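Visitor: Hi, could you walk me through this one? I'd like to go piece by piece.

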Amino acid sequence: MRPLRPIVLVIPLLTVFAACDLFEPEPNPQLINQLEVAEARWAANSAANYSYVLVRRCNNCVAPPADVRITVANNAVASAIYVDGEDPVPAAQLSQFITLPAYFELVRDAIKRRVPQFHVAYDEQRGFVDNLVINYDLT
């Protein structure tokens, strides 16, 4: 009868740890479906070379971030300029900007993390993320 005792102790611990995920709601399937449809649309119509304007807003910033035109060449960020004055963003700061497909990963992460203040809209024709609001401060 002694060999059963360790097994009896292990099973309740495994049950407790396995049950932790039972209380976490699943990510919203509608948001996941919208993301997958948008990704498929982008994949069907994507381009390796394009530019887009990043408009960032911040409620708690001392100075609002400037709008930036990002140029992507061969699926990599090649350059960025400030829209206001057409001044180039220093090369050392280019790593803070991403390609349009990389926004799908930001959206996927926000859905997975169940960010409470989250909104995404996709371009109807080409599928890229057209508008994205994520507030991690509320998590």
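**Strands, a pocket and a loop**

Guide: Happy to. Val 72 stands opposite Val 77 in β3. This is a predicted model, in which local features need pLDDT of at least 70 and side-chain atom pairs count only at pLDDT 80 or more, while totals for chains, interfaces and linings use all residues. Residues are numbered from 1 along each chain as its sequence is written, and side-chain values use heavy atoms, with hydrogens and water left out.

Visitor: How many helices and strands are there in the protein chain?

Guide: Three helices and five strands. Helices (H or I, at least four residues) and strands (E, at least two) are DSSP runs, numbered from the N terminus. From that end the elements run α-α-β-β-β-α-β-β.

Visitor: What joins β2 to β3?

Guide: Six bridges, with β2 (residues 68-73) and β3 running antiparallel. Two strands pair if DSSP finds at least two bridges between them.

Visitor: And what is the strand order in the open sheet of three strands?

Guide: The order is β1-β2-β3, with antiparallel pairing. The edge strands, each pairing on one side only, are β1 (50-54) and β3 (76-82). From one strand to the next, the twist averages 25 degrees; axes are lines fitted to C-alpha atoms, for helices over the stretch in contact, and angles run from 0 to 180 degrees between N-to-C directions.

Visitor: Which residue in β5 stands opposite Val 120?

Guide: Leu 132. Six bridges join β4 to β5, and the two run antiparallel. Their hairpin has six residues between the strands, and Gly 127 there takes a positive phi near 85 degrees.

Visitor: What about Gln 125, buried or exposed?

Guide: Gln 125 lies in that loop between β4 and β5 too, and counts as exposed because its relative accessibility is 64%. With residues up to four places away left out, Gln 125 touches Arg 41 and Asn 45. Gln 125 and Arg 41 are 84 residues apart in sequence and 7.4 Å apart in space, C-alpha to C-alpha.

Visitor: Last topic: what volume does the largest pocket have?

Guide: About 960 Å³. Of the 28 residues lining the largest pocket, the closest to its centre are Arg 56, Arg 57, Leu 132, Val 133 and Ile 134. On a 1 Å grid over the protein atoms alone, a pocket is an open set of points where a 1.4 Å probe fits, with protein on both sides within 12 Å along at least five of seven lines, and lining residues have an atom within 4 Å of a point. Points are joined across faces, edges and corners, and a volume is the space filled by probe spheres set on them.

Visitor: Which element gives the most to that lining?

Guide: β5, with seven residues.

Notes. Buried means under 20% relative accessible area, exposed over 50%, partly exposed in between (1.4 Å probe, protein chains only). Contact means heavy atoms within 4.5 Å.
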